[in-house]
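Hi everyone, thanks for coming. Have a look at it first.

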Amino acid sequence: MKLKAILSAVFTILLIGYFTGSTLAQTRNISSRGQKQAQLKAFIGSWEGVFTAEEGGPPPFQIMLTFGSDGTVIGSDVGPPTPQLANPEHGAWERTGDNEFTIIYKQLIVDENGNLANTFKGRVKFILDPAKSEISGIVKVNLYDAEGHELISGEGTIRCQKIRVERF
């Protein structure tokens, strides 16, 4: 009889431990999902900022990026080569870690006659600041001729602030 009572008590303790541990794990998973969702919500939207090239590159210039909830990127900038004839940049993004997002964007660059002259590719690893109002990161860029041969590669940094609705 004593053995049965001891086994019953051990079984009860194990069940309580299992369900308590399971509940704690579920709570952690819910909390982690909540943090992930908050980061995604903060990242999605439009941002404006400045790209600063590595030494020897062009002077700093303005850039605007919009991140869609479906993982798309639309951007524009006033950087070289000039003129870009206001061609937008298109790309994709994904969350790659805690407050970390990686994007790629591409741009077609045409000459004054509207013919394809170059293509541009940028890749950025962004970090979302704790206040969720600024993103900054390291940029790698490549410029190709119309046949796809690399002409220039470089690196730089970028810092952007979220565009928010202002009172009218």
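Let's start at one residue, E134: with 21% relative accessibility, E134 counts as partly exposed. Here, buried means under 20% relative accessible area, exposed means over 50%, and partly exposed is in between, using a 1.4 Å probe and protein chains only. Before I go on, a word on where this comes from: it's a predicted model, where local features need pLDDT of at least 70, side-chain atom pairs count only at pLDDT 80 or more, and totals for chains, interfaces and linings use all residues. Residues are numbered from 1 along each chain as its sequence is written, and side-chain values use heavy atoms, with hydrogens and water left out.

Okay, back to E134. Which residue does E134 meet in a salt bridge? The partner is R159, at 2.5 Å from N to O. By salt bridge I mean a side-chain nitrogen of Lys or Arg within 4 Å of a carboxyl oxygen of Asp or Glu. E134 sits in strand β7 and R159 in strand β8, so this pair ties together parts that are 25 residues apart in sequence. Strands (E, at least two residues) and helices (H or I, at least four) are DSSP runs, numbered from the N terminus. R159 is partly exposed too, at 46% relative accessible area. And E134 stands opposite Q161 in β8.

E155 is in strand β8 and K140 in strand β7, 15 residues apart. Both count as partly exposed, E155 at 37% and K140 at 39%.

Searching the whole structure gives three salt bridges. The remaining pair is D98 with R95, again with 3.9 Å between the closest N and O atoms. D98 is exposed, at 55%, while R95 is partly exposed, at 27%. As a general point, side chains of opposite charge can pair when their charged atoms come close.

Now zoom out. β7 and β8 run antiparallel, joined by eleven bridges; two strands pair if DSSP finds at least two bridges between them. They belong to a closed barrel of eight strands, β1-β2-β3-β4-β5-β6-β7-β8, with antiparallel pairing. From one strand to the next, the twist averages 30°.

On to the loops. Most residues other than glycine have a negative phi. N99, though, has a positive phi of about 60° and is not a glycine. N99 is in the loop between β4 (89–97) and β5 (100–110), and N99 is buried, at 17%. K132 also has a positive phi of about 60° without being a glycine. You'll find K132 in the loop between β6 (116–128) and β7 (134–145), where K132 is partly exposed, at 24%.

One more loop, the one between β1 and β2, holds P59. Is P59 buried or exposed? P59 is exposed, with a relative accessible area of 59%. The C-alpha atoms of P59 and G79 are separated by 8.5 Å, though the two residues are 20 apart along the chain.

That's my tour, so let's take questions.

Methods. Axes are lines fitted to C-alpha atoms, for helices over the stretch in contact, and angles run from 0 to 180 degrees between N-to-C directions.
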